[in-house]
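Biologist: I would like to learn how to read cores and domain contacts. Can we take one model and work through it?

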Amino acid sequence: MPDSRYAVFGHPIAHSLSPQIHRSFAAQTGIALEYTAIDAAPADFAAALDAFVAQGGRGANVTMPLKEAAFALCTQTSARAQLAGAVNTLVRNDGQWHGENTDGPGLVRDLTDRHGLDLRGRRALLLGAGGAARGVAPALLDAGILELAVVNRTPERADALVDALGVPERAYTRYWDDLADQGDFELIINATSAGRSAGNGFQAPFTLVNSRTLAVDLNYGEAAIPFLAWARAGGCRDVVDGLGMLVEQAAESFALWHGVRPDTDQVYAMLRGRERTLVTAD
Ligand code: NDP
């Protein structure tokens, strides 16, 4: 019998891979748990979380569009979650929610450990300023990138992200329309959800690319196709989608809840085998 209950909350949530990933980790580590997907509209989220606790809920993942709401519901939040203003992992401690954001460490772990890429010294361009961008930006700076240019469709959100980072000598904003004047980057990260809309191609000048450029899309499956196609056409040396990050951020959550970090290679290989059918949902 499972001795503890976990869940991922989102809206929609039907396509989330988190239940499958966490059940695989549980089987691998011999930990008995239940992990389900719970659909909660933003207006119903707090009540759904209360009901989950009443039924024995001990921890939860949170995905779009609830990460900011989860942050607001926490009594305590980590420094990383505070920088992001968003929480993707909830831990129940002493009758209260503690909030963490594992997106950034998940991305860095995938790029450095799985793909063997060195992020240090890279000039980086971050496309997007939503919850995911805010989660990964501090982790990239911590991982030793040289500097970070942030570009977003709504420029004010890019400004807010950069202000929160608090390192004006390393992180600054630029406009989409000025990308052709920004020179080239060794790291370009797509943290937008633009590829989730059917028929959206990705357009940016190839002058952003140099001979070392690593292009990363936080999306995976169909939603990653437009940006990754652009990156390949532009001659990026390395091209990585968000599937590995998904598995690694889940492993970080699992470690917070259970005190043991699972091996991620098996789950990653299984999901990679089904890649074409995957729908970005976390
Ligand atoms: P948010 O809704 O918080 O932010 C969406 C971002 O995309 C904003 O910067 C938004 O710009 C931008 N955007 C949306 N549509 C367009 C468009 N047509 N053109 C240009 N920019 C656009 O989402 P998240 O930040 O939480 O997630 C972003 C993506 O990353 C999602 O697709 C999500 O699935 C993926 N993700 C993957 C994870 C993984 O583990 N692999 C983890 C977390 C997220 P604006 O501010 O102007 O609206």
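The dialogue below takes the cores, then the domain contact.

Modeller: Keep in mind that this is a predicted model.

Biologist: Which residues touch the most other members of the largest nonpolar core?

Modeller: The general idea comes before the case. In soluble globular proteins, nonpolar side chains tend to be buried together. Here the largest nonpolar core has 30 residues. Leu126, Leu140, Leu148, Leu187 and Val216 touch the most other members. Elements giving two or more residues include helix H5 (103–114), helix H6 (131–142) and strand S10 (185–190). H6 supplies the largest share, 6 residues.

Biologist: What does Leu187 touch?

Modeller: Leaving out residues up to four places away in sequence, its contacts include Leu140, Ile145, Leu214 and Val216. Arg122 and Arg123 are also among them. A second, separate core has 21 residues, including Tyr6, Leu17, Leu246 and Val247.

Biologist: How is the protein divided in the domain assignment?

Modeller: The assignment gives domain 1 (5–101 + 244–277) and domain 2 (104–241). Their C-alpha centres lie 24 Å apart.

Biologist: How much area do domain 1 and domain 2 bury between them?

Modeller: The size of an interface is often given as the accessible area lost when the parts come together. For domain 1 and domain 2 that is about 1,900 Å², with 55% of it on carbon and sulfur atoms.

Biologist: How many salt bridges are counted between domain 1 and domain 2?

Modeller: The count is 5 salt bridges. Across this interface, 5 residue pairs are in polar contact.

Definitions and conventions:
Residues are numbered from 1 along each chain as its sequence is written. This is a predicted model: local features need pLDDT of at least 70, side-chain atom pairs count only at pLDDT 80 or more; totals for chains, interfaces and linings use all residues. Side-chain values use heavy atoms; hydrogens and water are left out. A nonpolar core is a set of buried Ala, Val, Leu, Ile, Met, Phe, Trp, Tyr and Cys residues joined through side-chain atoms within 4.5 Å. Buried means under 20% relative accessible area, exposed over 50%, partly exposed in between (1.4 Å probe, protein chains only). Helices (H or I, at least four residues) and strands (E, at least two) are DSSP runs, numbered from the N terminus. Contact means heavy atoms within 4.5 Å. Domain bounds come from an automatic or database domain assignment. Buried area is the accessible area (1.4 Å probe) that two parts lose on being put together, summed over both. A salt bridge is a side-chain nitrogen of Lys or Arg within 4 Å of a carboxyl oxygen of Asp or Glu. A polar contact is a pair of N or O atoms within 3.5 Å; within protein, one must be able to donate a hydrogen and the other to accept it, and residues adjacent in sequence count only if both atoms are side-chain atoms.
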